[in-house]
Amino acid sequence: MTKTIGHPRALLLLVACLPLCAPGLPAQSKQSVDLLITRGTLVTMNPSRDIQEDGAIAIKGDTIVAIGPRAELSARFQPKQIIDATNKLVLPGFINGHTHVPMTLMRGLHDDVTLHDWLYKYIFPAEARNVTEEYVRWGTRLAAAEQIRGGVTTFADMYYFEDAVAEETKAAGMRGVLGETWIDFPAPDNKTEAEMSAYTEKFLKRWQGDPLIHAAAAPHSIYTCSQKTLQDAATLARKYHAPILIHTAEMQKEVDDSLKQNGTSPVQYLDKIGILGPDVVSAHCIFVDEADRKILAQRQVGCVHNPSSKHDARQRRFPRSQKCAPLVSP
């Protein structure tokens, strides 16, 4: 017997972790499916960015079988359950482009200081004292629940014990681009670069080909990683055709130190040592100028821009026209 459910929320988010397949051939009789979402306004992500009024989506197991007009899909499919999405938008799941999901357990630890002080005086010491694999698992579970409730189905993450983050992400049914952190001081999971390299390689091998988990290497930043660490992490990631996640140009001190030590901006330094490319996801990208933006675009870097990050708001020196231009790779 078909069961009809009216969805209570004004915005209906369709889990994007479901793989989309082409509609099957017309059948002589109705095809059995598990779920039919009907009467909603479908906001698609196809090349034409079509919006389907009075649309429907047929789902069987973990696969979207068909998307189209309600009348057409109702005639083709026999669902076990129907969700009536009248006056609702049916959207692909949202994507969170930069996270440290276990840090949900550190929320509110300290505010109103510069990013540099926040990291070195509060976060890094707290992580050294508290972060274990069990800590990471519970933080990831909490973050997964919060993200799912907000309609996020995919996220990019960089933290420690990232293999545990991957296990909990998969258990939650979410998709993740998950980076194991490399940093030039003893981390909670690995104390030396050799340990970081061995852990990351094992991590990359384990999750190759997984439909939900995309393992990555994550050198933290130019201010916590030497040139060798940055290049070693990138080399290992590219050996396995894995993404590279990194913080880039996120505070004024980072820019000042790079100009003093490297003679270039953080973006230009990363380009000079061969890090930037279409496999790189750069987080923040706040303190960049026109030359930096041009390099990022030319290298097809994915930039997760964060104009609301205000740790160093009082230290910003770029003119207003330069400090917050959105960066999106082609």
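This is a predicted model: local features need pLDDT of at least 70, side-chain atom pairs count only at pLDDT 80 or more; totals for chains, interfaces and linings use all residues.
Figure 1. Helix α7 spans residues 252-262, and its buried residues are Gln 252, Glu 254, Val 255 and Ser 258. These residues lie on the same side of α7, because they cover an arc of only 160° around the axis. An α-helix has 3.6 residues a turn, so residues three or four places apart point the same way. The face of α7 turned away from the buried side carries Lys 260 and Gln 261, which are exposed. Just after α7, Gly 263 takes a positive phi of about 75°.

**Figure 2. The loop between β12 and α7.** Two residues of this loop are shown, Ala 249 and Met 251. Ala 249 has a phi near 50°, which is a positive value in a residue other than glycine. Is Ala 249 buried or exposed? Ala 249 has a relative accessible area of 0% and is therefore buried. Met 251 also counts as buried, because its relative accessibility is 1% and the cut-off for a buried residue is under 20%. Met 251 and Ile 286 are 35 residues apart along the chain, and their C-alpha atoms are separated by 7.3 Å.

**Figure 3. Gln 300 in the loop between α9 and β14.** Gln 300 is found in the loop that joins α9 (290-298) and β14 (302-305). Although Gln 300 is not a glycine, it has a positive phi of about 55°. Its relative accessibility is 41%, so Gln 300 counts as partly exposed.

Figure 4. Gly 55 lies in strand β4, which covers residues 51-60. With a relative accessible area of 0%, Gly 55 is buried. Which residues are in contact with Gly 55, leaving aside its neighbours within four places in sequence? They are Ile 37, Thr 38, Arg 39, Gly 40, Leu 42, Gly 68, Pro 69 and Arg 70. For one of these contacts, the separation is given in two ways: Gly 55 and Arg 39 are 16 residues apart in sequence, and 5.4 Å apart in space from C-alpha to C-alpha.

**Figure 5. The contact of helix α3 with helix α4.** Two packed helices are described by the angle between their axes and the distance between the axes. Helix α3 (residues 133-149) and helix α4 (residues 162-171) pack at an angle of about 35°, and their axes are 9 Å apart. The crossing in which α3 passes α4 is right-handed. On the α3 side, the contact involves Glu 133, Val 136, Arg 137, Thr 140 and Arg 141, which meet Ala 164, Val 165, Glu 167, Glu 168 and Thr 169 of α4. By class, the residues of this contact divide into three nonpolar, two polar and five charged.

**Figure 6. The contact of helix α4 with helix α5.** The axes of α4 and helix α5 (residues 193-206) cross at roughly 25° and come within 10 Å. This angle makes α4 roughly parallel to α5. Here Glu 162, Asp 163, Ala 164, Ala 166 and Glu 167 of α4 meet Tyr 199, Phe 203 and Arg 206 of α5. How many residues of each class take part in the contact of α4 with α5? There are four nonpolar, no polar and four charged residues.

**Figure 7. The contact of helix α5 with helix α6.** Helix α6 comprises residues 227-239, and α5 packs with it at an angle of about 20°, with the axes 10 Å apart. The angle makes α5 roughly parallel to α6. The crossing of α5 past α6 is right-handed. From α5, the residues Glu 193, Ser 197, Thr 200, Glu 201 and Leu 204 meet Lys 228, Thr 229, Asp 232, Leu 236, Ala 237 and Lys 239 of α6. This contact has three nonpolar, three polar and five charged residues.

**Figure 8. The protein chain as a whole, for orientation.** The secondary structure of the protein chain comes to 10 helices and 14 strands. The chain has 330 residues, of which 47% count as buried. Among contacts between residues at least 6 apart in sequence, 69% join residues at least 24 apart.

Terms used. Residues are numbered from 1 along each chain as its sequence is written. Side-chain values use heavy atoms; hydrogens and water are left out. Buried means under 20% relative accessible area, exposed over 50%, partly exposed in between (1.4 Å probe, protein chains only). Helices (H or I, at least four residues) and strands (E, at least two) are DSSP runs, numbered from the N terminus. The arc is that of the directions from the helix axis to the C-beta atoms. Axes are lines fitted to C-alpha atoms, for helices over the stretch in contact, and angles run from 0 to 180 degrees between N-to-C directions. A crossing is left-handed if the near helix is turned anticlockwise from the far one by less than a right angle, and right-handed if clockwise. Contact means heavy atoms within 4.5 Å. Ala, Val, Leu, Ile, Met, Phe, Trp, Tyr, Cys and Pro count as nonpolar, Asp, Glu, Lys and Arg as charged, and the others, Gly among them, as polar. Angles under 35 degrees count as roughly parallel, over 145 as roughly antiparallel, 65 to 115 as roughly perpendicular and the rest as oblique.
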